[in-house]
Structure formats: structure tokens, C-alpha cells
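Here is a brisk report on one structure. Look over the sequence and the model, then read on.

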Amino acid sequence: MYANIYKDELRAARLFGASVLYSTRPIPREDVPQGWYCYDLRGTVKEPEIPYALVDGAQEDENRLASVLSYLPLKNGRSRSRLIKGMFQLTGESVTLARFCDAERIRCPETPLRHKLRPASPDEAELFFALPPERDEELGTIGHVRIDFGGDGAEFHHTWWPRGPQELNTPEFQAELDKVVNDLRQSVLKDISSMRRYCRSHDGEITGGTCCQNYGYVLETNRYVFRLRCNPTPGDYQAYLSCFVNQKRGLGLTESGRRKLRDAADPNVPHCYDWYVIEDINTPEEQFTSGLSLDDAIRRYVASEQADKRLGVTKDDIAAVDLLIRHDGREWLSEDWTKGDSFSNDPVVARVVARLRRAMEEGNHRP
């Protein structure tokens, strides 16, 4: 069983005078944030429980004791190991990566997309299979990627199948799709063995398919929803990644919807604003509360004890954006509103962002 450095609590420690995170479970090297370092601690045959040397990687038969995650290099890259010589101490604290970074006053790495996948619920099963055109239009389907791992289970063949209006297949979407696929290639889409292990340990069983058990996983970003159907069986296509416009964030789909989007970006017409709060986003317990005034939304956000929550606005019932986000122990004002036509030149949203920024600087959210 591997450690998930983005969700699990690890032990805080000191090694060679540096603050590090310690885990008796192995840390997957593909999860190590860019610019960080991961090592293993080894014991000896006589004293297997006492750290003796720091190495890049150790197998169980090499007296592996634990893994260490550090934002500073702890040994010369040319050397195979470094002797500990008593320079290791556990502090006794269990912390998340976010709390560790906050204590060290360093920037916390972003959680990889693959760690934001959630298993599908049973009532979502139909969305992972072929849908009639009218259902695709209703859901804002853009298309899907069909994937197989080849005869040896370690290749990666993929084909794009469009299923929606061509105008939805924008350069922005293509860039996000590339990012999602590249990230998932580090885990569930690495090869058939990795997919099989992932499905066995992450639930997600869905009904449907012709002969074998299928698994479904959902990844929701600000603008899109990706639904990954896995079939970890040789001799068939192993995955279908279906892509949708994120309707919960208010993007229009039909010609009428696209016209409303254009109107939402027009500063010369009147607009209406509906404030919302999302709690436990991307989990089965997600709660989306809309229809709020700005003051009510702020009060609900502040009162919520959930670790993951967002405050945002829907404009003209068609375009939406998250403004204030709390996730992994951090809280920040999103810059997404400056990137969309519907919000970038909106004086109402700009004033609200300024109000929230002042409240954060004053240490509260009650301006």
C-alpha cells in the first residue's frame, strides 16, 4: 500500500537539519512534486528499525525502513547513499502536506488531477456509455477518447471521436484534455496492470458493458467534466474518456445558450447574479447551495466547517466562476474570473473580489 502525499497525514521529522515528511509506506515517485526530492531510509540486517543510510530507492530485501519527502536536496546526486549518523529525529507530529508547507512558509504543490478522480455513483452509470444525440446535446458532450494498451498491455493507442458541436472543441478544451490525459498516464492509464490495480483499490464499479466488469471515475474541472470508463481486460478497448462541458458551472450548449453567453459578456445590458457555495467538491458528499445573496453566501461559506469549499457566482443563469477557494489547508482568491469573457470586465464581480481580498487581509470574511 502506497502513501498518498496529497491526502494522507505523514510524520514530520528532521533529517540532516532539514524539515522533512516521513512515511513507513512507500511514496510513489510519480507523485513527487516538481522541485521536491524523495528518498528511502535503510536499516541494517542487525538493526533494521534504526535509520542507517539515505538512498534514492530501496527494495524490501534491502532493509527499507521508510520514505522521506523533502523540498531540499539531502544528498549529492552523484552518490548512491548517505549515512545518517544519528542525524534523524521524528518530531512526533502527523501533518498533511498543506500544513507542512504552511509551517515551513513554502508554496504547497498543487494536487495532481489523478488524485481528484472520484468513483462514480451507481446512478451515473449510463453517462459512461454511448448516448443518443439528444442526450449528448442535453449534457454538453464534446466527444470521447477511445484507448487501448495494445497486445502487451503496455502500449497506448488512442482515437478521438467527436460527439458535439465543433465550436465546443476549442483550443482551451484541447489543452485541458491533454493535461488530463498526461496526468492520468501516471496512474490509471499507465498500462493495463496499473489500471487493474487502480480499479481494485478505488471502487467505481458500474453496471453496463457486454461481458466484463466496468469501472467509472469522474474528474470535474472548472469548465469541463471528464468521465473515465475502465475495462481492465485484455483483448478489448481498455478505456473511454468522455468529455463534457461543466454545466454546473453554467456554460451554455445550444445556440440559445451560446447567445446568452455572448450577452453575459456584454457590459451594455443588465445582468443578474446568483451567489453559491460548494462544499466537499468532487466527492460523493458534495453540496451545492445556490440562489443566495452575496451576504448570505459569505455567511454560509464562513460558517461551513468543511475543509474543501468554494464561493462563487452565476451570472445571468448561464456563466459561473469560483471566486474564493479553500482546499488542502490553503485558501485563496481564484484568478479564473479574469480569464473569461463573461466576468473579466464585470465591475460587480471586480468589486466583490476586492471586498473578499480586504476581508482576507483583515483575517475574516465579514467585511
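## Glutamate 279 and its contacts

Glutamate 279 touches Glu285, Glu286, Gln287, Arg300, Ser304, Gln306, Asp308 and Lys309, leaving aside residues up to four places away in sequence. Contact here means heavy atoms within 4.5 Å. This residue, glutamate 279, belongs to strand 15 (residues 273-279). Strands (E, at least two residues) and helices (H or I, at least four) are DSSP runs, numbered from the N terminus.

Glutamate 279 is buried, at 8% relative accessible area. The classes use a 1.4 Å probe and protein chains only: buried is under 20% relative accessible area, exposed is over 50%, and partly exposed is in between. Two polar contacts are listed for the side chain. One joins glutamate 279 to the side chain of arginine 300 at 3.2 Å. Another joins glutamate 279 to the side chain of serine 304 at 2.7 Å. A polar contact is a pair of N or O atoms within 3.5 Å; within protein, one must be able to donate a hydrogen and the other to accept it, and residues adjacent in sequence count only if both atoms are side-chain atoms.

## Basis of the model

This is a predicted model: local features need pLDDT of at least 70, side-chain atom pairs count only at pLDDT 80 or more, and totals for chains, interfaces and linings use all residues. Residues are numbered from 1 along each chain as its sequence is written, and side-chain values use heavy atoms, with hydrogens and water left out.

Five strands make an open sheet in the order 16-15-17-18-19, with antiparallel pairing. Two strands pair if DSSP finds at least two bridges between them. Strand 16 and strand 19 (330-333) are at the edges with a single partner strand each, so one side of each has no neighbour in the sheet. The twist from one strand to the next averages 20°. Axes are lines fitted to C-alpha atoms, for helices over the stretch in contact; angles run from 0 to 180 degrees between N-to-C directions.

Seven bridges pair strand 17 (residues 309-315) with strand 18 (residues 319-327) in the antiparallel sense. Valine 313 has valine 321 in strand 18 as its bridge partner. Phenylalanine 288 sits in strand 16 (residues 287-292). Its relative accessible area is 32%, so phenylalanine 288 is partly exposed.

Another open sheet has seven strands, ordered 6-4-3-5-2-1-7 and paired antiparallel. Its edge strands, strand 6 (81-83) and strand 7 (88-95), each pair on one side only. Neighbouring strands are turned by 35° against each other on average, direction ignored.

Strand 1 (residues 10-15) and strand 2 (residues 18-23) run antiparallel and are joined by five bridges. Arginine 14 has serine 19 in strand 2 as its bridge partner. Helix 1 (residues 97-104) packs on the sheet and touches strand 2, strand 5 (64-70) and strand 7. The direction of helix 1 makes about 170° with that of strand 2.

## Cysteines

Cysteine 199 is buried at 2% relative accessibility. Cysteine 230 is buried at 0%.
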